[in-house]
Amino acid sequence: MAFTLELGSKPPAFALPATDGKTYSLADFADAKVLVVFFTCNHCPYVVGSDEITRATAEKYAPLGAAFVGINSNSVNTKPDDSFEHMVARMNEHRFPWTYLHDETQSVAKAYGALRTPHFYVFDEERKLVYTGRGVDQPRDTSKMTVNDLDNALADVFAGRPVAVPLTNPIGCNVKWDGKDAHWMPVEACDLV
């Protein structure tokens, strides 16, 4: 079995605290036509480098019914900058157009098979996984970007077409698993593509 959630899968359940002081579950996004769940964090240069592109994509598709949910699953023992307090401060500073959740136990990251930050999962109206992987091809320096895979996938979904490229390798820092080396990857993750 693949480590990462496979195409056609339903989104695993979660109930996680957000930077706005509330707790969110999948049911809170039931009205969204498309649900984008992505694993992110505060410090990763690939996240920081592409956050504004992610913002533009979220703002482009929100009027059509897309909801964006960012989840930080990084261990604070490995990266103290990824603490909940830093998440709140980052959202207060940047006002990103997504719900930002904290997965302190890392159980949600494991359920989705998150590999890197950022790692995107797009679920259609039936909540089937139709795209997973990177947001863009150059997340660390978007001035060199040639393709926005996330935008392309959402354009296909909202046009009622099958996603042309439904699976890409996420590009970014490894998820920081508690008790593991900062560069550790689950052995099962090596079969992604």
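**Entry 1: the cavity lining**

I looked up the lining of the largest cavity by residue class and found six nonpolar, five polar and no charged residues. The model I am reading is a predicted one. The lining residues are Ser50, Ile53, Thr54, Thr57, Pro118, Phe120, Gly135, Val136, Pro139, Asn148 and Leu150. Which element gives the most to this lining? I found that helix α1, residues 45–61, does, with four residues.

I then looked up the volume, and the largest cavity comes to about 60 Å³. How many cavities of 30 Å³ or more does the whole structure hold? My search returned one. As a reminder to myself, rolling a probe the size of a water molecule over the atoms shows where empty space is left.

**Entry 2: a cis peptide bond**

The peptide bond from threonine 117 to proline 118 is cis, with omega near 0 degrees. I noted the place as well: proline 118 sits in the loop between β6 (116–117) and β7 (119–123). For background, most peptide bonds are trans, and most residues other than glycine have a negative phi.

**Entry 3: positive phi**

Glutamine 106 has one, with phi near 70 degrees. I located glutamine 106 in the loop between β5 (99–102) and α3 (107–112). Is glutamine 106 buried or exposed? Its relative accessible area is 4%, under the 20% cut-off, so I wrote it down as buried.

Arginine 127 also has a positive phi, near 60 degrees. I found arginine 127 in the loop between β7 and β8 (129–133). Its relative accessibility is 15%, so arginine 127 counts as buried, again by the 20% cut-off.

**Entry 4: α1 and α4**

I went back to α1 to see how it lies against helix α4. Two packed helices are described by the angle between their axes and the distance between the axes. For α1 and α4 (residues 149–158), the axes come within 10 Å and cross at roughly 10 degrees. Angles under 35 degrees count as roughly parallel, so I recorded α1 and α4 as roughly parallel to each other.

Which residues make the contact? From α1 I listed Thr57, Lys60 and Tyr61, and from α4 Leu150, Asp151, Leu154, Ala155 and Phe158. By class, this contact of α1 with α4 has five nonpolar, one polar and two charged residues.

Notes. Residues are numbered from 1 along each chain as its sequence is written. This is a predicted model: local features need pLDDT of at least 70, side-chain atom pairs count only at pLDDT 80 or more; totals for chains, interfaces and linings use all residues. Side-chain values use heavy atoms; hydrogens and water are left out. On a 1 Å grid over the protein atoms alone, a cavity is a set of points where a 1.4 Å probe fits but cannot get out, and a pocket is an open set with protein on both sides within 12 Å along at least five of seven lines; lining residues have an atom within 4 Å of a point. Grid points are joined across faces, edges and corners, and a volume is the space filled by probe spheres set on the points. Helices (H or I, at least four residues) and strands (E, at least two) are DSSP runs, numbered from the N terminus. Ala, Val, Leu, Ile, Met, Phe, Trp, Tyr, Cys and Pro count as nonpolar, Asp, Glu, Lys and Arg as charged, and the others, Gly among them, as polar. Buried means under 20% relative accessible area, exposed over 50%, partly exposed in between (1.4 Å probe, protein chains only). Axes are lines fitted to C-alpha atoms, for helices over the stretch in contact, and angles run from 0 to 180 degrees between N-to-C directions. Angles under 35 degrees count as roughly parallel, over 145 as roughly antiparallel, 65 to 115 as roughly perpendicular and the rest as oblique. Contact means heavy atoms within 4.5 Å.
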